Structures are given as structure tokens and as C-alpha cells.
Amino acid sequence: MTITELKTTIAQLKQSCLDDDSDIQTKKVSFLGKKGKFNLLAKNITKLSPKDRKKGGQLLNQLKTELEELVENSSLPKTTTWVDLSIPGKKPTVGHTHPISQAISQISHIFEKIGFTRVRYPEVDWDWYVFESLNMPKDHPARDEWETFFVDAPSHKDMGKLVLTTHTSNGQVREMERLKGKPPIRMINIARCYRRQQDATHTQMFHQFEGLVVDKGINIGHLKGTLDHFAKEFYGPGTKSRIRPFHFQFTEPSFEVDFSCHICSGTGKLGKNKCRFCKSGWHEVGGAGMVHPNVLKAGGIDPNEYTGFAFGWGVERTYSLKDDLNIDDIRLIYSNKASFLEQF
Amino acid sequence: MNILIPHNWLLEHLQTEAKPSDIQRELSLSGPSVERMIEDGSQIIYDIEVTTNRVDSMSVRGIAREAAVILNQAGFKSKLLPLSINQLDTKEILPLPKITNQPELSQRVTCVVLKDVQRTPTPNWMGERLRQTEMNVHDAAIDITNYVTHELGHPCHAFDYDKLMATGGEIRVEEAKKGESFTTLDGESFVTVGGEVVFKNGKGKIIDLPSIKGTQNTSIDNRTKNVLLLLESIRADKVRFASMTHAIRTTAAQLMEKHVDPHLAEVVLKRGVELYQDLCQAELASPIFDEFHHPEPPLPAIVPLATFETYLGIKLTSEKITKILTMLECEVQIDQNQANIVVQPPTFRPDLKIPADIVEEVARIYGYHNLPSQLMPTAIPTTYPTNTDFNLEEKVKTFLSLVNWQEVYTYSLVSQELATESGLAAGRHLKLQNPLTEDRVYLRRSLFPSLKEAISQNPLKSRYSVFEMANTYIPQNNELPKEELKLGLASTQSAQNVRGVIESLLDHLFVDGYNFLVNKDKTSSQIYAISRGENNKYKLGTLVTKSGYCFAELNWKNILMVANSHPKYQAPSSTPSTVEELTFTISISQPVGPILETIKNVSPLISKVLFNNQYKQNISLSTIYHDPTKTLSALDIKPIRQKLVKKVELAHDAKLIGKV
């Protein structure tokens, strides 16, 4: 045997010790025992030429230390103590983020992926930002005291009354102002809103998210592209979106946005029956439209140079249309009932 | 606003090869949304949502007109059938009442007298349609007005001619003063608030609430023989005002508050007369009175042809655009250099004013579903708002939820009781001018009362902890209120646990240094922290214990100032630390915090002092000694220990258990 052959055999032995999954006791016997693999190899030292024996001895000593370490780090012998794995796990007690926070988080991330910037604007704002700058005529029903909460405070001479925002659209002109009237704008504004109504599908306080995109050459196709992106990301692949004519003062054209029903796969039918979760295969989610030229002007943007689209939907409704989330009474969301919140 | 349209009735105005399901689909995609198709025996009734700007579609004929255009474009041959109404053969048998109108209150008043109206039952065909559209069936003389309104879209009212003439035979269109009373035809009495447009007789008595509801003193009853059929066009905002003020939400009011085209009045009046003649054998007994102050015709919209491509993202030919607009009854011209299209909309479309309105008409009829779908190829903005960090908000919420705190969303609007529970008088809160319910009147200035309420709503939960991130609202003079985003934490756990969670949260946010300064009242403490870099001290908020609750309210703006994205890293020390446990007996009211501070300040070799636990008056502490340059020996530590015990005993009236 040459010293090179010895080195190769040592390397092989080390590797076989590393690969051996046996427990510590078994490995101790098989590698370091009296008739173990180390001793068997050590006997070969006599086969080395006398001048190589010293070097061979050193290599074998080093190997022994290494093997001892490897064996020491092997797994402990298997015990025979019985553990009852049929007992349910002991869960750490955790709380829950609110379903609205979970929805907002998902919505934000979906839009941030395609370059939207999330912003926050006042919840109590001037009439100017909530209505006037959004092309709402003074006698528009949304501006009267039956639908909007007004704060009992003096009006501002230029900005008008102090109102609780009825939608997140007050962020539109504010965002144009923040960017000093210089597009590109891709905004997502998510906030608490307030309307003077209360029943199973309305609470006095709710949440909206508002998208606003303004740049040169923005068209209806870009709105459709953005809606399709959201539909697929939020409700899952295969979900389709569509826009239909609608009317809002601050967009022209205006649209109603629908997403295909994932329960009946957009067919409107479950077996032979009508799908009771949607209207003919579609869910109405909210409004959208191309930004009205007057709104761009109010935000200091030239409507002859730029176009844009906007959309604003209720977080509660958008979220509750998800698979298996048929929350039929929206008031539960703000009931603080642990039995409700702990499911999320 | 929804309208029910029976398919058979629609077919009296629309000739089409489309099936009901085609009508539902195509109308929804390009016009008013057909939300449901109701099956009534063998008949179909469409439940259609009409947007508030399209009151011209709020009738059977209005829907037929839209459907004809949309269905043709979708490839279903369709046609709006002409209205066949005979010319009226008027005679002067009975005098018309004297009508004094104010054009600024009513653009048009038109009426005619019908004599010897027979009180015949409503014929079956009409009764069925009224029932299908959820209207009550009375007798023909009453039902004709509802029927015509639904069919053609302009409300009309039948007065009892003889009652009207008995009150003086005069109609004055006026604004009511405050405090005038009237009783509607169903017997309900009201008192005016002032400003409602009403009809009065010569003596100033209210004899009708026009465009909303008739009054008992002039409306048809069982004895009515002669009828005055009248249509008026009261100012839309005045209609809404009176209707909302008195909560009289009739179909008439809901139509007229949306600017019904006054031109429609003539055909509706004629159709009404025709039905009174046919069904009630009435005789036309007067000429037609018609005071019509024609509105200024709307200016034509001039639309650069390029605008269509800008909005649609595809190019449509000018022929295609012209064809669509012409089908919608617009007059269309293309200017000489082929750059602009000039569009004059019909009188029933006052909503078409600016180029974008015209683009919308073309786009919807062309079909939004026929436009491409693609994401914007434009630049992504990178100017982000300052003073917000939504990711950090999410991080805080996730952290708290994972250490067993429940997030809640409570109302920003609170009752007077909850408002004052914040410690501030109700008057120092923003108050709503028109609250809907008594429990939502004030904009809150503290989250605590709401969070406390949230806990108490879950009585079965022992040691419940909730948190919320929400605004508080501080009134400002002539300015917007200051909205301060707060992180509120409320718990029935011990103050030590709550403080521990806050400390742990601040560690999680890599806040370098923070401390809790106990207030003199001993029931609250202020939380401070230092910002990295500039080394400024920020007050983060307050921790309060109160009637079994522990509550903290942290100011998010200041948390943003002290939070960091990463820790201040220190290499692990190569020398070991020594830990020693000491137990002191302290006096009953002695706080532990200052003792820990005293020990920490004894020597720079004391790296940390930990509070282990307390049993009655005995407190157990761990002192950690560490020298980064060498391993400390027992001899090194002994003098420090002696010094700290002496200091604690002297400064805090404590006694060490055991020997130094």
C-alpha cells in the first residue's frame, strides 16, 4: 500500500461515516470498536514502506480524532418510550388581524405590483375635495344632508362645508396636487368613508379603495387591463372582469365594474338552478370611469394633454365576494364579536 | 333607480327579433342594466336599473328607444315603433282654471278638462301591467295617470275639476311659506318648512304638492265626474327638497327631481286624454292650456375626431361614429377639414354636453367588451408620500395578532357618553350636524372608550386584548381637523403584560432606546423613545390603568420617527457575562422601576438588570455583569455588588435577603 492509497481509503472511510444514519452506539461499534473499521484500516500500516510509516501514523491519528467527532455528533439511540401522537397539538394562542386589514393588505399588494403608490388623505375633508372639484353640481343628491354627514362647523370661504368623506375620491384632486399636477399618477387610496345609511348591506362607516391613473394616452383598454389584473389576483385565475355603462359625475364615460362569479364560473347556473350568489354569472363590485376633464382641471392637469381612469369600490363588498365568504350582514364586520373575528 | 318593464308592453314600442335573454344581455352591456328577468306565468318582466342621469330611459318607451339602437348594433334587427296618437278635437264646454305660473319655478304647465268621466273598472290588460310593475289597481280614472307615466316617463296628475273650481278655480304656482298645512290625497297631514313649490288657490290655500303628490282638497275621489288632467315641470331641486323634507318619495318625485324633459308633456297629455276617452268615455271639454317657457337649446358638442381614439385606444371611422350618434337621435355634422364632429343632441338628452359625453355614447354602443384589455405601458411614478409607511402598519398589526391581540375596527363616530369618557368635554369634539343615530354623533378624540366597549361586548373572554389603528380628530379653527393616526391597545391583562407587549413591539420595530416614565398619579406612564441618527426624543404615547383595563394609545407619527428597518448590530462578545440573583425586601408602596435604574447606574460593568418576580414585599432581580475586555472574576464583581446593595438599601429603603 502506498501513502496515496492510504489517503484514498481514509477519505472513503470518513465519507462512509458521514453517510451512516445509524445512532451513536451502533456507529461507535462499527467505526471505533475493537473490530471496527478504523482498527481494520490501522492494521494496514505494516503494509506501508518503512519510510512512509511515520506519515501513515499521523494520518491515522488524525482520522481517529475526526471519526470520534463524527460519531459523537450522530443521533441518539432510538428510545422505546411511547409518545401519543394522536393527541391534538397544543396551539400557541394567537390573535387575528381584522378581515378589513387582511383585505386592504391584499388589495394594496396587488396594485403595488403594477406600480401603484398607496396614499392616505383626510377622512374629514372640505366639500371642495369631496364634491365640488369632482364636478358634482351643487344640487346633486349626494351633496344633500340626507346622504352625507356634515360637521357642525363654519364653512370655509373657498373650500365650503366640512364633510365626512362619502368616498375615497377626495383623494383624486389631492393626489394631483401632491404631484403638483405632473403625471404620471398611479394612486391607490384606501380609507374609511361615511354615508348616512344603515341596514343589512350598509353601515354608517365603511371602507373604499380608489385607483387613479393619469398620463398621456391612458384609455379605456388600460382600465380594462387593470381590472383584469385585479380580478385574477384577488379572486383567482380564470376570473373575468367587464365594464358596463353607468353614471358618475366625476368620470366620463362611467362604468359599472363586474367580476365573473367564481361559484357558478360565470354561467349564472348551479346545476339546473339559478346561482343565488350572483346576477346572471356576474357580481357588481363598484364604479369606474375615465376621469372627467373638469376633475383634471381642478387638479391642475391639462385635459387636452392627459387622460386618466379612476375606480372606487367598497372593501367590504369586494372582499365578501371571495370564495366561501358569504357575509350576508355587513354590520357583523363592525360588531367586534370575537366569534366572528376569530374566524379570520 | 329601478324600473319594471313587462316584455309584452315593451313590444308595443319595439319591434325586434331579439329574445328576452338577448335583450337582457345586450342592454346590460351597452345601456341600462337588466338586473333580473322575472317570470310571471308565461310572461317576462325586466327589472332594469336606470342611472340617475338617464331619466329619459325611465319608461317603457325610453327603454324601447335605447333597446332599438343597442340591439341593432349587436346584430338583432330592431325598430322603435312610432307613437300613434290622434290629434285632439278640442271644444270649449267648461272653463279652464286661471293659472298663474312663475317660470322660474315651473318651466311648463299644460292641462285640459275632461267631462263626464265614467268610473269604469280598470280593464284587465291595464290592470295586469300595473300589477306586473308593482302598482296598485284602483279604477280606470285613477290608474290612467300612473299607466301613462310608466309608459312615457312624464308624471301627470288628475284633479277633481269640480273641487278645484269650488276652491276658486285658480292655480298659483308658488313657494310655500313656513308653517302652511296641507293634507295629501291619502289623508296624511303636513306642515311646510318654507320653500316647497306648491299650487295655491286664490286665497292662498295649498291645493296640490305638484310633481310629488296630490292633496285631498282637489284630488279625485269616488264622486269625481270631471277631471283636469295637468302636467307641470317644477324645478328639479325644489322637487327633491320638498320630497325629502317630508319623506314623500313618490315615483313622480323621483322622476321629476332628475330633470324630466318638459317637451314630453305634450305627448303624455294627449295619450292620457286618449285613454280617458277610450276607457272612461270622457269628453274633451276645453282647449289645451300650455304655458311652456322653452329652455335654451343645448349648445352642440364639438368633438375632435382624435378624441375617440384617445379614449378608446382603437380607431373608429367617422362613418361609424356618425352612424351610432344618428341612431341615438343626435344631429351630426363633420366639419370641413374632417377634424371635428359637431353633435346636437335631442332635447331628452341634456346629459350630452362635452366631448367625453359623446365619446361615451359611441363607446358604449360600439361595445366596451369590444375594446382591448392591456396594462399601461407608461412610466411608473416614484414620488412617494412622506410620513406614511403602510408596510410598517401591517408589520405592527401582524406582530400584535401573533402575540394574541385581536384587531378590531370600531366606529370613528361615537355617542356623547363615549366622547366624554375620553376625559374631554363633548364640546371639544367635532359634532355632526345631521347624525343618523344617537350613538354616532361625535368624532372621537381617543380610541380607548371604543376599545373598552369592544372588550365588554365579549363578556365570555377573560383576559381579552384588542387593538386598533385609527384616526382621532382634533378640531381646529377654520382649518381641517387634525387627524392623528393612533395605535390603541386595550386589555384586561395586567399592566406588566401590556407594557411587555409594547416593549416587545418596539424591539420588533428596532427602536433603539425607549423608556416608560411613571406619572405622579402612579396609574399612568408616558412612553418615550429616541430616534436613531438625529437622537431626538419623541413621546410615543401613554399607558394607563383604569377600572380593570390597561390601555395604551401610541402616536403613529412618532413611532415612524423612532422605528428602524434594521437593528444596531453589535458583534457577539468574546468574554462571558456573569449573572447574579439578588432578593430585596421593599416597603409596600415602593416602585421597582427606580431600584432597577439605581442598580444600572452603579457601574459601567453592569450591562443589564432584570426584574424576575415579586412575592409580597420580596423582589427578585438578576444583575448581569460584563466586561468586553476580560472575563470578570469573583474579586472584580464583589465590590460592585457591595456598592449596589448599599445604594439600593439607602436610596429605596430596601433590605437585601442574605449576605453580600
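Just after helix α16(B), F510(B) takes a positive phi of about 55°. Helices here are DSSP runs (H or I, at least four residues) and strands are too (E, at least two), numbered from the N terminus. This is a predicted model, where local features need pLDDT of at least 70, side-chain atom pairs count only at pLDDT 80 or more, and totals for chains, interfaces and linings use all residues. Residues are numbered from 1 along each chain as its sequence is written, while chains are lettered from A and ligands numbered from 1 in the order in which they are written.

Let's look at α16(B) itself. Which residues of α16(B) are buried? They are V498(B), V501(B), I502(B), L505(B) and L506(B). An α-helix has 3.6 residues a turn, so residues three or four places apart point the same way. On the face turned away from the buried side sit the exposed Q496(B) and D507(B). Buried means that 20 or more other C-beta atoms, placed from the backbone, lie within 10 Å of a residue's own; exposed means 12 or fewer, and partly exposed lies in between.

Now for chain A, which has 11 helices and 11 strands. Its radius of gyration, taken over C-alpha atoms, is well over the value from the globule rule (2.2 Å times the number of residues to the power 0.38), so chain A is more spread out than a compact globule.

| Chain A | Value |
|---|---|
| Radius of gyration | 35 Å |
| C-alpha box along the principal axes | roughly 110 × 50 × 50 Å |

Of the 344 residues of chain A, 43% count as buried.
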